[in-house]
Every structure is written in C-alpha cells, then in structure tokens.
Amino acid sequence: MEAEGMLAPLSLSAEFEGSFAYLTVRDRLPTILTKVIDTLHRNKDNFFKEYGKEGIQAEKTAISFLSKLRNELQTDKPVLSLTDNAEDSEAWNEYMRRQQDLMEDGRPVSWFKSPWLYVECYMYRRIQEALYMNPPMDKFDVFKEGKTQSFFESQQAIKSLCTYLQELITNMENMTEIQLRDNFLKLLQVSLWGNKCDLSISAGQDNSQKSSPIDSLPDFQRFILVDDSSMVWSTLVAAQGAGSSGMKHARVDIILDNAGFELVTDLVLADFLVSAGLAKQIRFHGKSIPWFVSDVTKQDFEWTIMQTMAANHKWMSASSVQWKHFMKEGTWSYHDHFFWTLPHEFCDMAMDAADLYSTLQGSDLILFKGDLNYRKLTGDRKWEHTVPFDQALRGFQPAPLCSLRTLKADVQVGLKPGQAEKLSSQDPDWMTNGRYAVVQFSSPCREQ
Ligand SMILES: O=P(O)(O)OC[C@@]1(O)O[C@H](CO)[C@@H](O)[C@@H]1O
Ligand SMILES: [Mn+2]
C-alpha cells in the first residue's frame, strides 16, 4: 500500500495540449478506430460466407457503433457506461464513477479531460463492446491480420534466434556459471528489444542473413538508460538455492506484451530459463480480449507456437516442439485475467484484483514486458525522472519484479540526476521514439 502522505503526481492526460497524450488521443486513436472499421469492411464477404445475412447485419451494426465511438472521441464527449454485461463491465463502470469523483467541478469524464491511460484502455474496451453486442462477431479479433503479418515479416530474425537457442541448449551441459549468466543476459536483452517494435530488431542494418538479433545487441547497449539486469540474475540464482532440504526451483511469471517477434523473444527466453535449470515453472500472462493492436491473446499464443512448428526450418520446428511439450507437461502455462485489460494502475491490483495479486505473490520473479505495463506500473503520471522506481510503484510489490520496456510514452523514472536533461538536449523525442529502453528491477526485500 502507498505510504501515507506520499501524494502521487497528476496523471498524464490529453488535457495538456501538445503533450504526447494529447497527440495520441487527437491523432493516433481515431486512426486506429478507422483501421478497425476498415478491417470489418474488408471482411464483409467472410462474414457473409460464415454467417450469412446475420453476419452482414452484425458487421453493419458494429461499424455504425464504431463510427459513433470515433465521433464521441473526436468531439470530446463524456465517456459512457458499458452496456454489454460482460464479466468485466461492472469493474469498468465502477472505475468510471471513480474517475468522475476525481473531476473538478463535476465536469463529466471525457476523452480529452481524463487520464490518458484510462481513456486509451477504454477505447479498446469499447471496440470489444461493439463486437460483444453483435454476435456472431463477438469472437472476431480485429487486430489478428496485423499480428500474423508481423510474425511473418520477422521470419529471418526468428530463424536466427531459434538457431541460436538450439546451439545454446546443445552446449548447455558444459557451460560455466559465467557463461550461463552471459547467455541469460543476452536473451533478456533480446526480449527487451523485442519490444522496440513488433518487427525485426535487426532493422536499420543491412538485411542480409548475418544480421541476427544477437549480433545487434552491442550496438543497442548504449540506448539502455537503466540496466538492473544483474539484479534479475541474482534473484534467479537466489531462488535456486533457498531451503536446506534440496533445491527450490524458481517460478517465473512473464506478463506478455506484443505478439509477433516480441512474443518469440519471450518464448526463447522462457525456454532458456527452463533448459538451463534456472526456472522450474513459467507462467505466461496474456490478454483476454484483443488489446492495444498487437497484444498477445490465448489464440495468438497458441497460433505462434503452431506456426513456429509449421515453418520449414529445422531449428524453429525443434524449438516449438519443445515449447509444445512444456505446455503439455505444465512446465509452461498460459493465463489470462481480466485485470490486465482494465485501465487500473497496478498499485490498485491488491485491492481490485486480490486473486491475481496473491497469485503473483507466489512468483520468484515477474517480468513485465513493454510500454503499457510500464505505464501501469508507474501509474502513467508526471513523475520527476529521478524518482526511484520503487516509489513510483506506490506499494505494488507482489514479488521481485522487472520491467523490460522500450520507451514509447512520456513517463520515465529512476534516472540519475542530469540524465534526462542530457537526453533531452541530444534527442528531444527520447521518451517516445522507441530508441531507448530500460531494465528496471524492484524487490519487496530490497533496501530502499
Ligand atoms: O505496450 P507496448 O506495446 O510496448 O506499447 C503500447 C503503445 O504503443 O501504446 C501507447 C500509445 O498509444 C503507448 O503506451 C505505447 O507506445
Ligand atoms: Mn502492446
């Protein structure tokens, strides 16, 4: 729980004209809605083939719902309660009332006046409402095409990563602890840069075969603004040796972000952790509805393992056969919880999703992938850049945790004095252009 008297700064919001939040709500969100509408249009024939006239009608109604939504957003209308009676509807509506109580002078909660984190999450949930309200469209993933495309566009990087993994596994038995550590740190960084975009992290170099994600790491090193990865390693090592009656085996939870190349980097890291004996159990956490365009759902997770297996490439197939086996024997498991697709800051989790919080307390290490998770960890607030990460978590400390994030939103804590100023003078868009990254660690038992 948050220490008393420690007031959190204001939330980022589109009410601050010219801010990144403002530009996102003004430009990016309507564009995403337009693309969603276009996707439904383009799939009209498929809906007809599959569901006949009912499919066409559902598509039409969903499109008009979404056009109305876009108009509400662009004209800064009050946000509306959800009406679809889904499992999470009441939590959303309750959160809206909470936001309303925070508004000054009783002004309505609206797109440009409320916290960016809230309204952006809300848009994705309203897209889902349009589908829920129009069966048989309720199972349709409007972002699926983009996610599969990004997987296929990064085939070269995936091949080289799987090849690298299989080589490591072959040589694992002869590895010293230092080699094990070095390889872990490399794969952690690959997973970090996997968040740069959904496509190959080799982009920008010549696109010949030799440019693999591993080869690119040294060039990227200087863009890591905070690197707590040695603490992540120590945490894993400490989790091995605990208890006198033999080994305690670590459980690692990975809070996934994007499908496509990023998901493969996460699977490769998870495979290494198990194959090297650093973790006994990996729990992947994904989204229960399509989310922020490219986030992983259960369907994406299963599809990715199947597609990796179907690839005509020896080491991709070998990797995914192993992954399927891990899933079957329960060493790996996939979980979703609707809290991940609510707008809450993570400091609310203990109160608002106590079951999830207590599940996470059983973990030895939680890896949070990506920018949106970082925004939720820090509450998406106007923190001073030098505020310690632990402080910005405001009591969210279920277990040792680490954020692996490339910067795509203007919130960043835990920097050294002067570091942000230097970055601003060298690269004014450093917080949002995705060139920089952080590996930030926090542990409940760490001295603060
Ligand atoms: O969480 P991710 O996939 O790394 O990034 C999500 C994101 O693209 O969405 C928001 C902008 O619309 C930003 O938080 C961020 O840039
Ligand atoms: Mn994402």
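**The ligand and its surroundings**

Begin by selecting ligand 1 together with D257: an N or O atom in the side chain of D257 is 2.9 Å from an oxygen atom of the ligand. Please bear in mind throughout that this is a predicted model. Next, select K408, where the distance from a side-chain N or O atom to an oxygen atom of ligand 1 is 2.7 Å.

The selection may then be widened to the surroundings of ligand 1, which include T24, R28, E120, N195 and F292. G370, D371, L372 and R375 are also among the residues that surround ligand 1.

**The two domains**

Now colour residues 20–133 as domain 1 and residues 144–442 as domain 2, the two domains into which the protein chain is divided. Their centres, taken over C-alpha atoms, are separated by 29 Å.

How many residues of each domain are in contact with the other? Domain 1 contributes 20 residues and domain 2 contributes 22. Between the two domains an area of about 1,900 Å² is buried, and carbon and sulfur atoms give 65% of it. Select F20, L117 and Y124 next: these residues supply 33% of the area that domain 1 buries against domain 2, more than any other three residues.

**Charged and polar pairs across the interface**

The interface of domain 1 and domain 2 holds 4 salt bridges. In general, side chains of opposite charge can pair when their charged atoms come close. Display R98 and D352, which form a salt bridge whose closest N and O atoms are 3.1 Å apart. Residue pairs in polar contact between domain 1 and domain 2, both at pLDDT 80 or more, also number 4.

To view the side of domain 1 that touches domain 2, select α1 (20–42), α4 (89–102) and α5 (116–132), the elements that give two or more residues to it. Helix α5 gives the largest share of that side, with 9 residues.

The structure as a whole holds 29 salt bridges. For another example, select R42 and E145, whose side chains meet in a salt bridge at 3.1 Å, N to O. R42 belongs to helix α1 and E145 to helix α6 (residues 144–153), so the pair ties together parts that are 103 residues apart in sequence.

**Two details of the backbone**

Move to the loop between α5 and α6, where P136 lies. The peptide bond from P135 to P136 is cis, with omega near 10°.

Finally, select the loop between β3 (281–286) and α12 (298–310), in which V293 has its place.

Technical notes:
Residues numbered from 1 in each chain as written. Chains lettered and ligands numbered in written order. Predicted model: local features only at pLDDT ≥ 70, side-chain atom pairs only at ≥ 80, totals over all residues. Heavy atoms only, no water. Domains from an automatic or database assignment. Contact = heavy atoms within 4.5 Å. Buried area = accessible area lost by both parts, 1.4 Å probe. Polar contact = N/O pair within 3.5 Å; in protein donor to acceptor, adjacent residues only side chain to side chain. Helix = DSSP H or I, 4+ residues; strand = E, 2+ residues; numbered from the N terminus. Near = heavy atom within 4 Å.
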